[in-house]
Amino acid sequence: NFDNTTGKITLKSDDFSLSLSAPETGADQLSVTVPTKHVDITGSYLRNGSIDDYQIKVGKDVNILTTPVYVGNQAKYGFGDSTTKDTLTIEPHIGVSTTYNKFTPFAEVGYSWKALSGSFTNFDRDASYMEIGTAYAVTEKFSLKASITDTRDKDFDNGDKEATIGAVIKF
């Protein structure tokens, strides 16, 4: 059951990227990412009706030697109108991605632990996800991406599937 299809446009340079996502639910998300040598930093603004939320995320993916396998971790700090307490989420993941001609298929799985403000050292299991998709390089500066993400609760039950269609424009 795909109940939240998302459209996404990303403008990307060597110094930063700007993404705008518009899920079917009507919520909008604007994100700015600044990559650095050791960590990528993303700030996001999420608006759903009159509810404003914010997220600061740091993380990095690392390729494992010369294989198509990568591992990564993200730490996300979320706050705003929809939460009674600020959240800190840790989300390690592993994936595989390789390019065939103009196609780059990928698959990634991850699991998250979340802590609430006032108790940021007490992490509880939160959720898991699996994402499968592909990107297609139309030109050197323009690519399309399609993926399906299956998100589950901490016990791998109660799945939510989301399809995302996006475009990346490099400048």
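Leucine 20 stands opposite leucine 30 in strand 3, where a strand is a DSSP run of E at least two residues long, numbered from the N terminus. Strand 2 (residues 17-23) and strand 3 (residues 28-35) run antiparallel and are joined by 5 bridges; two strands pair if DSSP finds at least two bridges between them. This is a predicted model, in which local features need pLDDT of at least 70 and side-chain atom pairs count only at pLDDT 80 or more, while totals for chains, interfaces and linings use all residues. Residues are numbered from 1 along each chain as its sequence is written, and side-chain values use heavy atoms, with hydrogens and water left out.

The secondary structure of the protein comes to 0 helices and 11 strands, and along the sequence the pattern reads β-β-β-β-β-β-β-β-β-β-β. The protein is as compact as a globular protein of its length, because its radius of gyration is 16 Å, close to the 16 Å that the globule rule gives for 171 residues; the radius is taken over C-alpha atoms, and the rule is 2.2 Å times the number of residues to the power 0.38.

Glycine 78 lies in strand 6 (residues 69-80) and is buried, with a relative accessible area of 11%, where buried means under 20% relative accessible area, exposed over 50%, and partly exposed in between (1.4 Å probe, protein chains only). Not counting residues up to four places away in sequence, glycine 78 touches Tyr54, Gln55, Asp86 and Thr87, a contact being heavy atoms within 4.5 Å. The C-alpha atoms of glycine 78 and alanine 163, 85 residues apart along the chain, are separated by 23 Å. Threonine 89, which lies in strand 7 (residues 87-97), is likewise buried, with a relative accessible area of 11%. With residues up to four places away in sequence again left out, threonine 89 touches Gln74, Ala75, Lys76, Ser112, Trp113 and Lys114.

What aromatic pairs does a search of the whole structure find? There are 7 of them, given that rings of Phe, Tyr and Trp (its six-membered ring) pair if their centres lie within 6.5 Å, with planes under 30 degrees apart counted as stacked, over 60 as edge-to-face and the rest as tilted. The rings of tyrosine 77 and phenylalanine 79 have their centres 5.5 Å apart and their planes at 40°, so the pair is tilted. Tyrosine 77 counts as partly exposed at 28% relative accessibility, and phenylalanine 79 is also partly exposed, at 28%. The rings of tyrosine 77 and phenylalanine 120 have their centres 6.0 Å apart and their planes at 70°, so this pair is edge-to-face. Phenylalanine 120 is itself partly exposed, with a relative accessible area of 31%. Tyr45, Tyr54, Tyr77, Phe79 and Phe120 form one aromatic cluster.

Most residues other than glycine have a negative phi. Leucine 65, however, has a positive phi of about 50° although it is not a glycine; leucine 65 is found in the loop between strand 5 (51-63) and strand 6 and counts as exposed at 78% relative accessibility. Asparagine 101, in the loop between strand 7 and strand 8, has a positive phi of about 60° without being a glycine, and asparagine 101 is exposed, with a relative accessible area of 76%.

Finally, consider the chain as a whole. Its C-alpha atoms fill a box of roughly 50 × 35 × 35 Å, taken along the principal axes, and 27% of the 171 residues count as buried. Of the contacts in the protein with a separation of 6 or more, residues 24 or more positions apart account for 32%. The protein exposes about 10700 Å², of which carbon and sulfur atoms supply 59%, with accessible areas coming from the Shrake-Rupley method with a 1.4 Å probe.

Conventions. Helices (H or I, at least four residues) and strands (E, at least two) are DSSP runs, numbered from the N terminus.
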